[in-house]
There are 2 protein chains.
Amino acid sequence: MRYIDAKDLNLIGKITPTPQLYHRVDTARYRDFTPNQNILVTEAAGLALCFKTNSSRISVHTYFHSMGNGANMTGINQYGYDLYIKKNKEWLYAASKAKLEKDNLLPLISNMDTSQKECLLYLPAFSVIDSIKIGIDEQADIESLPNPFRHRIIIFGSSFTHGTSANRSGMSYPLMVERDTGLYIMNLGVSGNSKLQQSFARVLADADADVFIFDAFSNPSAKEIEERFDSFVKTIRASHPTTPLIFMQTIYREERNFDKRADRYEQDKMDMAEKIVKKAMQYDKNIYFINPKNYTGDDHVTSTDGIHPSALGYYRWAKTIEPLLLTILKKYHIE
Amino acid sequence: MRYIDAKDLNLIGKITPTPQLYHRVDTARYRDFTPNQNILVTEAAGLALCFKTNSSRISVHTYFHSMGNGANMTGINQYGYDLYIKKNKEWLYAASKAKLEKDNLLPLISNMDTSQKECLLYLPAFSVIDSIKIGIDEQADIESLPNPFRHRIIIFGSSFTHGTSANRSGMSYPLMVERDTGLYIMNLGVSGNSKLQQSFARVLADADADVFIFDAFSNPSAKEIEERFDSFVKTIRASHPTTPLIFMQTIYREERNFDKRADRYEQDKMDMAEKIVKKAMQYDKNIYFINPKNYTGDDHVTSTDGIHPSALGYYRWAKTIEPLLLTILKKYHIE
């Protein structure tokens with residue numbers, strides 16, 4: 001096999017350019033994050049390499065700066081790769097694998113025919129990556145592919161957006177919506193840390209976007225929502241006066257079934273979120289609220305740990321919000 | 001909190017008694033397994049503790065002999081606990097957590113009301129357990145609960161039966177069917193090692209069962225199926241002459257989408273399985289074949305690693321086979 005540096009291929013999913021290629025945010029420029037947030041914004045969630053090759057095999061040689069190790073997640077999601085190949089105009093699953101070594105040579109797929117294939121390779125969702133090389137057959141070609149997705153939609157949110165407990169890195173709900181609709185969704189999921197902070201509002205304010213989607217009510221308390229919402233919106237509105245801001249209600253957490261304290265805490269959050277977004281919608285006609293009764297069904301079989309949806313939960317979440325999102329986006333001719 | 005030894009509670013899911021409480025098979029009695037198979041049959045997949053308590057909190061203190069560490073699985077599935085509490089006659093999700101320490105004190109749930117509750121606590125699916133203590137409020141009661149499930153159904157199979165890549169230990173498809181139908185399903189899933197061997201046939205022959213279900217064609221090659229199927233059935237039939245034997249066709253593996261070699265190998269297995277079971281059905285009217293076109297749908301979104309279904313895949317698998325199984329079992333008044 002021969003290996004080429006992935007820096008020469010098209011990398012999609014980043015809100016802004018960064019000196020370190022596989023980081024989502026430039027932590028030298030935005031300096032008011034906590035140490036944990038610095039790690040989260042440099043994890044590769046939602047990033048993908050786009051390329052075309054006629055190789056019968058694809059390998060990935062990665063040097064990891066750090067690798068996730070959460071008990072509520074697969075290694076494949078945290079430090080693995082998730083490959084799709086275009087077939088009949090759709091992104092068809094091809095391979096997903098993982099290996100827990102910092103210097104990591106991973107054979108991803110082999111025994112393919114040698115026709116030219118368009119590849120979409122999602123990077124690990126919970127790891128910080130220093131370098132990637134793509135391995136192909138000695139005689140095969142590989143070239144960069146333009147971004148296959150349309151428009152610029154940024155989603156900022158919690159572990160749910162980041163993809164905690166999704167089965168693989170391409171199976172967070174934003175990336176499922178991306179492949180289903182063809183819309184380009186840049187993922188700034190920051191597990192446990194999406195709390196309407198000014199630090200994140202400033203990053204978003206500087207970004208170029210046609211639409212912002214927010215999973216903004218999963219991490220903050222009712223009090224934090226009340227105190228921070230207006231100034232969070234204000235910071236973004238300073239540079240994006242009429243860009244649609246779509247806020248999603250947080251989901252029902254299954255830990256509420258028997259834990260009375262969690263039940264009250266979560267209901268207070270949801271009540272405050274509904275109240276505060278509806279108030280904002282009265283003075284800003286480009287603010288929207290997505291608030292389905294159940295994102296993930298009412299049969300209580302979608303939880304991994306009482307908080308995070310399983311693959312089943314994320315699938316239902318994506319299918320629930322797709323028509324709601326598309327209806328809003330159509331008003332802006334984003335389709 | 002106070003802790004009681006779980007050996008005094010009702011442990012369900014075991015095919016036969018074993019000297020080591022949390023083992024599924026007595027490896028001192030059945031001595032022709034490989035070292036890897038000795039580990040697999042002593043892992044706690046499908047085992048559950050049944051108890052009643054009015055405690056506001058439940059903790060689990062485990063001493064693990066060994067703990068799983070597969071990159072295609074969550075820790076919660078491998079070395080975590082999965083708790084259900086009865087509500088409106090159904091088993092409702094209550095909590096699932098995991099911690100990676102051999103001597104492992106795990107707070108599972110708190111802040112519950114202090115009504116009496118019937119609890120079903122699935123043990124870790126990919127770990128060997130030496131001892132378990134259950135922690136409750138100092139003043140609370142705890143007592144053993146009779147097995148809530150009916151009849152004796154044994155399922156023998158591969159990693160799919162074992163629950164590889166399920167999101168938690170109670171979410172392998174056999175245990176979903178168990179809770180959905182109320183039928184008692186004892187799980188002898190042995191990841192990667194369900195190959196119609198005589199060693200396993202002898203264990204099953206000695207067991208007391210109303211029905212056997214087999215995920216028997218996921219691990220062996222077409223050649224192994226052809227060579228071993230008849231003698232596997234013969235060994236079981238010697239002690240269970242008319243017990244229904246329900247063989248499931250293996251599932252479509254998503255690695256087949258582009259890997260031509262995997263595609264051929266898997267199709268050969270499926271063709272041989274269909275041929276050999278249909279032949280056996282001609283001379284044994286209590287042999288059945290479950291062979292749906294797609295267990296997990298045809299949208300190619302259910303794979304974790306190209307082989308194992310995600311939580312979405314296992315959910316669809318359970319929902320696909322439930323009516324097929326119930327139709328067969330009804331003939332035997334097993335309902």
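The structure holds 0 disulfides over all chains, a disulfide being a pair of cysteine sulfur atoms within 2.5 Å. A:Cys119 is in no disulfide; its nearest cysteine sulfur belongs to A:Cys50, 9.7 Å away. A:Cys119 is buried, with a relative accessible area of 0%. Buried means under 20% relative accessible area (1.4 Å probe, protein chains only). B:Cys119 is also in no disulfide, and the sulfur of B:Cys50, the nearest, is 9.7 Å away. B:Cys119 is buried, at a relative accessible area of 1%.

This is a predicted model: local features need pLDDT of at least 70, side-chain atom pairs count only at pLDDT 80 or more, and totals for chains, interfaces and linings use all residues. Residues are numbered from 1 along each chain as its sequence is written, chains are lettered from A in the order in which they are written, and side-chain values use heavy atoms, without hydrogens and water.

Now the two chains. The same surface serves both copies: 100% of the contact residues of chain B recur in chain A. Contact means heavy atoms within 4.5 Å.

Next, a hairpin in chain A. Strand β5 (residues 81–87) pairs with β6(A) in the antiparallel sense over 7 bridges. Strands are DSSP runs of E, at least two residues, numbered from the N terminus; two of them pair if DSSP finds at least two bridges between them. A:Tyr84 stands opposite A:Tyr93 in β6(A). The hairpin has 2 residues between β5(A) and β6(A), and A:Asn88 in the turn has a positive phi of about 50°. Strand β6 (residues 90–97) of chain A is mostly covered, with 6 of its 8 residues buried.

Key: Buried < 20%, exposed > 50% of the residue type's maximum accessible area, 1.4 Å probe, protein only. Helix = DSSP H or I, 4+ residues; strand = E, 2+ residues; numbered from the N terminus.
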